[in-house]
Amino acid sequence: MKKFICIIMFMLGSFPVSAQPQYSKEDSGKVIALLKGAPEKATPSRLMVYFARQMKGIPYVAQTLEKNAHERLVINLRQLDCTTYVENVLALTRCALSGQKSFAAFCKQLQMIRYEQGKVAYPQRLHYFSEWIADNTRKGYVKEVQAPNPPFTKVQKLDIDYMSKHASHYPMLVKHPAWTKEIQEMEARLNGKTFRYIPKATIANTSLFRKTIHDGDIIAIITQKAGLDTSHIGIAVWHADGLHMLNASQIRHQVVEEPMTLYSYMKKHPSQTGIRIIRVR
């Protein structure tokens, strides 16, 4: 499919030609249609679920941000992974909350969500989700929920080094080995930080959990895999039988509203230990 370069630098800020946003006509048209169809005067929670459900059926494709020779703001609503799915939903939600319905506004929101200080550069992309949470909290876009206790009965202490230890897995780090030092510095800033989380064995369909986790919250699934903080993310939605998750599923090859509860889903993944909860402001 033919690509189009988004020439809206006067609205998105100044950055090198190689970093100009990249998207297809289908992407820009879909963004505009989604924003026009959004419910008016809706809460962040309702908007998150609305936009998340509008993307059901979009194919899961990994590493859609890694295909360019130079870092660019990639807008791709035709192919999503778990992180780009959540980022696009949040960008649409922020546009709708502020009454913005243009594609340029969406690009600006996505740029700010995806990059530290909104700077389009590979080392400034928010690679680890703990870094993503911290930066978007500083910007006032989200806040992490860590109370009450219970159900937030456990503490995660970060010990991350996966990217720097496996730089050969990342094409940009192979091309620019000096950037690995910046990634290491970012990992060092995060290491040792602690966050309260809900153990997966305790997730239940109770009034406490329904008060604690809201529809539209971002669910960050913690992993015990060495060097990582999280392994998957999605969006919370309550059904009659309990908590479910909207997510770009590698297993199901598309964006789905999981038919099984989150508790049942996580039981099938031994490396997943619990969940952190992030709420849109």
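**Around glutamate 257**

Modeller: Let's start with lysine 56 and glutamate 257, whose side chains meet in a salt bridge, 3.5 Å from N to O (a side-chain nitrogen of Lys or Arg within 4 Å of a carboxyl oxygen of Asp or Glu). Lysine 56 sits in the loop between H3 and H4 while glutamate 257 is in strand E9, so this pair ties together parts that are 201 residues apart in sequence. Helices (H or I, at least four residues) and strands (E, at least two) are DSSP runs, numbered from the N terminus.

Keep in mind that this is a predicted model: local features need pLDDT of at least 70 and side-chain atom pairs count only at pLDDT 80 or more, though totals for chains, interfaces and linings use all residues. Residues are numbered from 1 along each chain as its sequence is written, and side-chain values use heavy atoms, leaving out hydrogens and water.

How hidden are the two partners? Glutamate 257 counts as buried, at 15% relative accessibility, whereas lysine 56 is partly exposed at 42%. (Buried is under 20% relative accessible area, exposed is over 50%, and partly exposed is in between, with a 1.4 Å probe and protein chains only.)

Glutamate 257 also has a salt bridge with arginine 53, at 2.9 Å, N to O. Here strand E9 (residues 254-257) holds the glutamate and helix H3 (residues 44-54) holds the arginine, so the link spans parts 204 residues apart in sequence. Arginine 53 is partly exposed, at 36% relative accessibility.

For context, the structure holds 12 salt bridges. Another one joins aspartate 135 and arginine 138 at 3.2 Å, N to O. Those two are three residues apart in helix H6 (residues 129-138), so about one helical turn separates them. Aspartate 135 is buried at 4%, and arginine 138 is exposed at 61%. Back at our spot, salt bridges with shared partners join Arg53, Lys56 and Glu257 into one network.

As for the nonpolar side, the largest nonpolar core has 50 residues, with Met55, Ile75, Tyr85 and Phe106 making the most contacts inside it. (Such a core is a set of buried Ala, Val, Leu, Ile, Met, Phe, Trp, Tyr and Cys residues joined through side-chain atoms within 4.5 Å.) Helix H4 (residues 82-97) supplies the largest share of this core, eight residues. Apart from it lies another core, of 17 residues, including Val145 and Phe152.
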